[in-house]
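Please load the model in your viewer, with a selection panel at hand, and follow the stops below in order. Each stop names what to select and then describes what is there.

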Amino acid sequence: MAASSSLRLILGSSSSSRRQILSEMGYKFTLLSADIDEKEIRKEKPEELVVALAHAKADAIMEKLQNNGMMKEILDSQESTLLITADQVVVHDGVIREKPSTPEEARKFIKGYSESHAATIGSVLVTNVKSGARKEGWDKAEVYFHKIPDEVVESLIEEGNVFYVAGGLLVEHPLTSPLVEAIVGTIDSVMGLPKSLTEKLIKESLEEP
């Protein structure tokens, strides 16, 4: 879908992958990050966790919009304004993995993907900024790797990008993409913003009276 001139989008994320995916979808958008402590929110089921985190990010950004004066501008405008927030975790051997916090944890995570597949669970939440109405959903994908050599693991840790993604899971990286055996689901879902779900929720939000 091409960007509508009467639609204003805010992407509530600091993720470069989500920025890239939303741009590929043909949308222009403003960036705002939520800056929340994600570890304060705990749920047993990964689907519930990622949806709860997307809501918490939306709450934080809606508060920012009130405090920085943007909310008044949005309410006075004729444009529809939608806020997109998202979250993702990796599930491996039944355990939820968020962003690794130490090199040791990153090493354990990445080496584990040689032994058994990883599943990504990602949420998308679209908030109508004017009405407060929210549309949510989640998507799942599975990633199967060939054996990941130790030197690749160490290079990834030294480079540091693994610390900014759920489970330290990088499928689009030049070092890891040749090692991906199969993806069940879509690459955009693995990268943190499933296009079809995002498009569906934007459409539903714009159809709201």
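For residue classes, Ala, Val, Leu, Ile, Met, Phe, Trp, Tyr, Cys and Pro count as nonpolar, Asp, Glu, Lys and Arg count as charged, and the others, Gly among them, count as polar. This is a predicted model, in which local features need pLDDT of at least 70 and side-chain atom pairs count only at pLDDT 80 or more, while totals for chains, interfaces and linings use all residues. Residues are numbered from 1 along each chain as its sequence is written, and side-chain values use heavy atoms, with hydrogens and water left out.

**First stop: the largest pocket**

Select Ser15, Arg18, Lys99, Tyr164 and Val165, which lie nearest the centre of the largest pocket among its 31 lining residues. The elements that give two or more residues to this lining are α1 (16–24) and β3 (80–92), and α1 gives the most, with four residues. Helices (DSSP runs of H or I, at least four residues) and strands (runs of E, at least two) are numbered from the N terminus. A pocket here is an open set of points on a 1 Å grid over the protein atoms alone, with protein on both sides within 12 Å along at least five of seven lines, whereas a cavity is a set of points where a 1.4 Å probe fits but cannot get out; in both cases lining residues have an atom within 4 Å of a point. Grid points are joined across faces, edges and corners, and a volume is the space filled by probe spheres set on the points. On these terms the largest pocket holds about 740 Å³ of space, and its lining divides into 11 nonpolar, 12 polar and eight charged residues.

**Second stop: the cavity**

The search of the whole structure finds one cavity of 30 Å³ or more, and the largest cavity has a volume of about 40 Å³. To display its lining, select Ile110, Tyr113, Phe145, Ile148, Leu156, Gly168, Leu169, Leu170 and Thr176. Coloured by class, this lining shows seven nonpolar residues, two polar ones and no charged ones.

Beyond residues up to four places away in sequence, serine 123 touches Val50, Val51, Ala54, Thr85, Ala86, Asp87, Gly137 and Trp138, a contact being heavy atoms within 4.5 Å.

Begin with lysine 64 and aspartate 35, whose closest N and O atoms are 2.9 Å apart. This pair links distant parts of the chain, with lysine 64 in helix α2 (residues 46–67) and aspartate 35 in the loop between β2 (29–31) and α2, 29 residues apart. Lysine 64 is partly exposed at 27% relative accessible area, whereas aspartate 35 is exposed at 63%.

Then select glutamate 98 and arginine 42, whose side chains meet in a salt bridge at 2.8 Å, N to O. Glutamate 98 lies in the loop between β4 (95–97) and α4 (103–112) and arginine 42 in the loop between β2 and α2, so the pair ties together parts that are 56 residues apart in sequence. Glutamate 98 counts as buried at 14% relative accessibility, while arginine 42 counts as partly exposed at 46%.

Finally, select arginine 134 and aspartate 59, with closest N and O atoms 2.7 Å apart. Here arginine 134 in strand β6 (residues 134–145) is joined to aspartate 59 in helix α2, 75 residues apart.

Select isoleucine 157 in helix α5 (residues 150–159), a residue that is buried with a relative accessible area of 10%. Its C-alpha atom and that of proline 103, 54 residues apart along the chain, are separated by 6.3 Å. Glycine 160, in the loop between α5 and β7 (180–184), counts as buried at 12% relative accessibility.

Notes: Salt bridge = Lys/Arg side-chain N within 4 Å of Asp/Glu carboxyl O. Buried < 20%, exposed > 50% of the residue type's maximum accessible area, 1.4 Å probe, protein only.
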